[in-house]
Amino acid sequence: MLVLVTGSTGFVGGYLVRELFSRGHQVRCLVRPTSPPENLKGLSVELAPGDVTLPATLTEACIGAGAVIHLAAIIREKGRATFPRVNTEGTRNLVAAARGAGVRRFVYMSNLGVTGPDPGYSFLHSKWLGEESVRESGLDHTILRPSVLFGAEDRFVNMLADIIRRAPVVPVIGSGNTRFQLISAAEVARCLATALEEGRFIGQTVELGGPEQRSYEEIIDLIIHTLGKRRLKLHILVPLMQPVVWLMERLLTQPPLTSQQLKMLDRDNIAKLDAVEEWFGFRPTPLGQEIGYIRR
Ligand SMILES: NC(=O)c1ccc[n+]([C@@H]2O[C@H](COP(=O)([O-])OP(=O)(O)OC[C@H]3O[C@@H](n4cnc5c(N)ncnc54)[C@H](OP(=O)(O)O)[C@@H]3O)[C@@H](O)[C@H]2O)c1
């Protein structure tokens, strides 16, 4: 099948394109002129210039595709790239283009924690509205909502590892009790491809997490241990971090933490422990087994 993938130049996209290839699909990637090409290097993908915020670019990208897997989204707002514009409108635009081009199958990558309209969490809210446009599209759709992802180029674990490497005292934001169920990005790519191929996923919204739930502080402890460091930890109240994160967002091109991520730290990010086994028939890899990639 010819599959149009958005977000192919991002973290998950690199795994997904390879997974689709390994299953014999042809892949067309929606790319912006500014998209970094590294993820797609050496792969014989078809490139479709486009941007989800520019509807006119999407119809041509969809023509001839048998399916769309929509990963493109932003976790940090910058200038005109806002959550409503990219995550919500961008999804609406793509759904409309897919329908217009006669594509029947649409797989949407959402996020764990998206459970309903919740304007207090603007990122999650924008993804909920994205989900709604997919559900209302009349397309044969599937929505996956994974927890935070890990893998060699991830942001979450690598960001914590960077802090732990540099700082003698490690800040633990908030109580440290918020629970996560980190899941391998490569395995989520496998789930996306399976969801695309198997009819039983049509109309389903599936929450995904790894095989264990760890608190934020337990993840920090695992990283300290993996790096072979000895570190003191200091709990910092979330309100004290708010001005720091606000400043980082304005001063740094790649802030380690965004206001929305800080806000989401007060909510558990967990799914059913056996969700992947139940839906996809394999046991996902625990973070502890793969985390060696941070020792670089
Ligand atoms: N990473 C996680 O832990 C995690 C967890 C759960 C769910 N998810 C979801 O998984 C998806 C992929 O996440 P990721 O971590 O791979 O994100 P990422 O590394 O930040 O990649 C984002 C991708 O979206 C593309 N994009 C952004 N704005 C666009 C636009 N206006 N038009 C077209 N493409 C655009 C980017 O293209 P450029 O290369 O041109 O910038 C890039 O390819 C997202 O929907 C995210 O919400 C991620």
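**The chain as a whole**

Keep in mind that you are looking at a predicted model. The protein chain contains 11 helices and 13 strands. Its radius of gyration is 19 Å, close to the 19 Å that the globule rule gives for 296 residues, so the chain is as compact as a globular protein of that length. Taken along the principal axes, the C-alpha atoms fill a box of roughly 55 × 40 × 35 Å.

**The sheet**

Let's turn to the strands. In general, strands of a sheet pair through backbone hydrogen bonds, and the pairing can be parallel or antiparallel. Here, 7 strands form an open sheet with parallel pairing. Which are the edge strands? They are β3 (46–49) and β11 (205–208), and each of them pairs on one side only. From one strand to the next, the twist averages 20 degrees.

Strand β6 (residues 140–146) pairs with β11 in the parallel sense over 4 bridges. In this part of the sheet, Ile143 stands opposite Thr205 in β11.

**Helices against the sheet**

Helix α3 (residues 83–100) lies across β1 (2–6), β4 (67–70) and β5 (105–109). Helix α6 (residues 185–197) packs on the sheet too, touching β1, β4, β5, β6 and β11. The table gives the direction of each helix relative to β5.

| Helix | Residues | Angle to β5 |
|---|---|---|
| α3 | 83–100 | about 170 degrees |
| α6 | 185–197 | about 155 degrees |

**A pocket and a cavity**

Which element gives the most? That is α5, with 4 residues. By class, the lining of this pocket has 12 nonpolar residues, with no polar and no charged ones.

How many cavities of 30 Å³ or more are there? The count comes to 1. The largest cavity has a volume of about 50 Å³. Around it you will find Phe180, Gln181, Leu182, Glu212, Arg214, Ile219, Pro286 and Leu287. The lining of the largest cavity divides into 5 nonpolar, 1 polar and 2 charged residues, whereas the lining of the second largest pocket has no polar and no charged residues.

Note on methods:
Residues are numbered from 1 along each chain as its sequence is written. This is a predicted model: local features need pLDDT of at least 70, side-chain atom pairs count only at pLDDT 80 or more; totals for chains, interfaces and linings use all residues. Side-chain values use heavy atoms; hydrogens and water are left out. Helices (H or I, at least four residues) and strands (E, at least two) are DSSP runs, numbered from the N terminus. Ala, Val, Leu, Ile, Met, Phe, Trp, Tyr, Cys and Pro count as nonpolar, Asp, Glu, Lys and Arg as charged, and the others, Gly among them, as polar. Two strands pair if DSSP finds at least two bridges between them. Axes are lines fitted to C-alpha atoms, for helices over the stretch in contact, and angles run from 0 to 180 degrees between N-to-C directions. Contact means heavy atoms within 4.5 Å. The radius of gyration is taken over C-alpha atoms; the globule rule is 2.2 Å times the number of residues to the power 0.38. On a 1 Å grid over the protein atoms alone, a cavity is a set of points where a 1.4 Å probe fits but cannot get out, and a pocket is an open set with protein on both sides within 12 Å along at least five of seven lines; lining residues have an atom within 4 Å of a point. Grid points are joined across faces, edges and corners, and a volume is the space filled by probe spheres set on the points.
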